[in-house]
Amino acid sequence: MTSRPRLATDVNYVNGIAALALFAVLAYVFVTAGLEPPRGFGEGSIVASIGYAMFDMLELVPDGHGTTEGFLVAFLTIAVVLDAALDGAVMLARRDDEGGSVQAATDGGRPVDGATDATETEATEPAGGDA
Amino acid sequence: MAIVTEYYLLLSAAVFCIGLYGILTRESALLFLMSVELMLNAANINFVAFAFYWGNLTGQVFSLFTMALAAAEVAVGIGIILVLYRNFDGIDVTEAATMRW
């Protein structure tokens with residue numbers, strides 16, 4: 001018994017209509033905005049200019065790329081935020097009731113020895129709904 | 001011959017609305033995370049499109065930072081989903097309706 005994804009048929013269509021209405025409003029605004037043709041970038045490597053802008057080396061950026069501000073502080077802030085997110089994810093995911101090394105609790109979809117009730121019920125649940 | 005900016009904006013609006021529909025409809029926390037990612041990436045498309053529109057690279061650099069923030073958000077989100085699965089034996093977001101249990 002595989003658990004391949006199936007098309008959901010019990011969805012709420014009112015939400016779909018709401019999302020479609022939002023898309024219609026946005027599309028109307030965008031089409032009637034009267035935007036000019038894009039200005040585009042001048043000569044020079046865009047990737048290199050992104051790197052220069054990220055490390056505050058603005059004198060190396062060509063004039064056609066229009067970068068007038070450095071992002072070194074933002075770069076370092078994002079680095080700290082990523083580090084904090086990694087620590088937070090590890091803190092959330094750690095099991096504190098075992099104390100020892102963290103073991104992988106996956107069962108691979110098969111009923112195994114010592115499986116909890118939740119995995120048992122999940123393993124047998126899709127059999128009823130299978131057409 | 002460059003693609004006009006309206007097409008980028010329409011793509012971005014479509015991706016955003018797909019993400020919004022996913023958030024409004026789904027009950028699995030993992031699909032919630034995927035929908036939030038769709039909405040964030042719609043904003044990224046706008047950043048890159050308007051960077052090209054104005055000939056200014058700041059939008060592209062900023063979209064890189066948005067991607068890094070999205071990665072951090074997913075890391076914390078998956079940690080929360082792990083705790084949710086441990087406490088509720090499932091990742092249905094409608095079951096976890098209270099802050100304390």
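Buried means under 20% relative accessible area, exposed means over 50%, and partly exposed lies in between. The legends below use these classes for close-up views of a predicted model.

**Figure 1. B:Asp89, in the segment after α3 of chain B.** The relative accessibility of B:Asp89 is 46%, so this residue counts as partly exposed. Although B:Asp89 is not a glycine, its phi is positive, at about 55 degrees. Most residues other than glycine have a negative phi.

**Figure 2. A:Asp56, in the loop between α2 and α3 of chain A.** Phi of A:Asp56 is near 60 degrees, a positive value in a residue that is not glycine. A:Asp56 has a relative accessible area of 39% and is therefore partly exposed.

**Figure 3. Chain A and its helices.** The elements of chain A run α-α-α-α from the N terminus on, which amounts to four helices and zero strands. Chain A has 131 residues, and 17% of them count as buried. Among contacts in chain A with a separation of 6 or more, 11% are between residues 24 or more positions apart. The accessible surface of chain A is about 9,700 Å². Carbon and sulfur atoms hold 60% of that surface.

**Figure 4. The interface of chain A and chain B.** The size of an interface is often given as the accessible area lost when the parts come together. Here the area buried between chain A and chain B is about 3,800 Å², with 75% of it from carbon and sulfur atoms. A:Phe30, A:Leu35 and A:Pro38 together supply 16% of the area that chain A buries against chain B, more than any other three residues. The contact involves 44 residues from chain A and 42 residues from chain B.

**Figure 5. Polar and charged groups between chain A and chain B.** How many salt bridges are found across the interface of chain A and chain B? The rule finds zero. Polar contacts between chain A and chain B number seven residue pairs, with both residues at pLDDT 80 or more. On the side of chain A that touches chain B, the elements giving two or more residues are α1 (13-31), α2 (46-54), α3 (72-93) and α4 (117-129) of chain A. Sorted by class, that side of chain A holds 28 nonpolar, ten polar and six charged residues.

Figure 6. Beyond its neighbours within four places in sequence, A:Asn15 is in contact with B:Tyr21, B:Leu24 and B:Thr25. A:Asn15 has a relative accessible area of 14%, so the residue is buried.

**Figure 7. B:Thr58, in helix α3 (residues 58-88) of chain B.** Which residues does B:Thr58 touch, not counting those up to four places away in sequence? They are A:Thr67, A:Glu69 and A:Phe71. B:Thr58 counts as buried because its relative accessibility is 14%, and the cut-off for buried is under 20%.

**Figure 8. B:Val74, in helix α3 of chain B.** Is B:Val74 buried or partly exposed? With 23% relative accessibility, B:Val74 counts as partly exposed. Leaving aside neighbours within four places in sequence, B:Val74 is in contact with B:Leu33 and B:Glu37. B:Arg26 lies 48 residues from B:Val74 along the chain, and the C-alpha atoms of the two are separated by 17 Å.

**Figure 9. B:Tyr8, in helix α1 (residues 5-25) of chain B.** Once neighbours within four places in sequence are left aside, the contacts of B:Tyr8 are B:Ile3, B:Ile45 and B:Ala49. The relative accessibility of B:Tyr8 is 29%, and the residue therefore counts as partly exposed. B:Tyr8 and B:Gly79 are 71 residues apart in sequence, and the distance from C-alpha to C-alpha is 34 Å.

Key
Residues are numbered from 1 along each chain as its sequence is written. Chains are lettered from A and ligands numbered from 1 in the order in which they are written. This is a predicted model: local features need pLDDT of at least 70, side-chain atom pairs count only at pLDDT 80 or more; totals for chains, interfaces and linings use all residues. Side-chain values use heavy atoms; hydrogens and water are left out. Buried means under 20% relative accessible area, exposed over 50%, partly exposed in between (1.4 Å probe, protein chains only). Contact means heavy atoms within 4.5 Å. Buried area is the accessible area (1.4 Å probe) that two parts lose on being put together, summed over both. A salt bridge is a side-chain nitrogen of Lys or Arg within 4 Å of a carboxyl oxygen of Asp or Glu. A polar contact is a pair of N or O atoms within 3.5 Å; within protein, one must be able to donate a hydrogen and the other to accept it, and residues adjacent in sequence count only if both atoms are side-chain atoms. Ala, Val, Leu, Ile, Met, Phe, Trp, Tyr, Cys and Pro count as nonpolar, Asp, Glu, Lys and Arg as charged, and the others, Gly among them, as polar. Accessible areas come from the Shrake-Rupley method with a 1.4 Å probe; for residues, only the protein chains shown count as cover.
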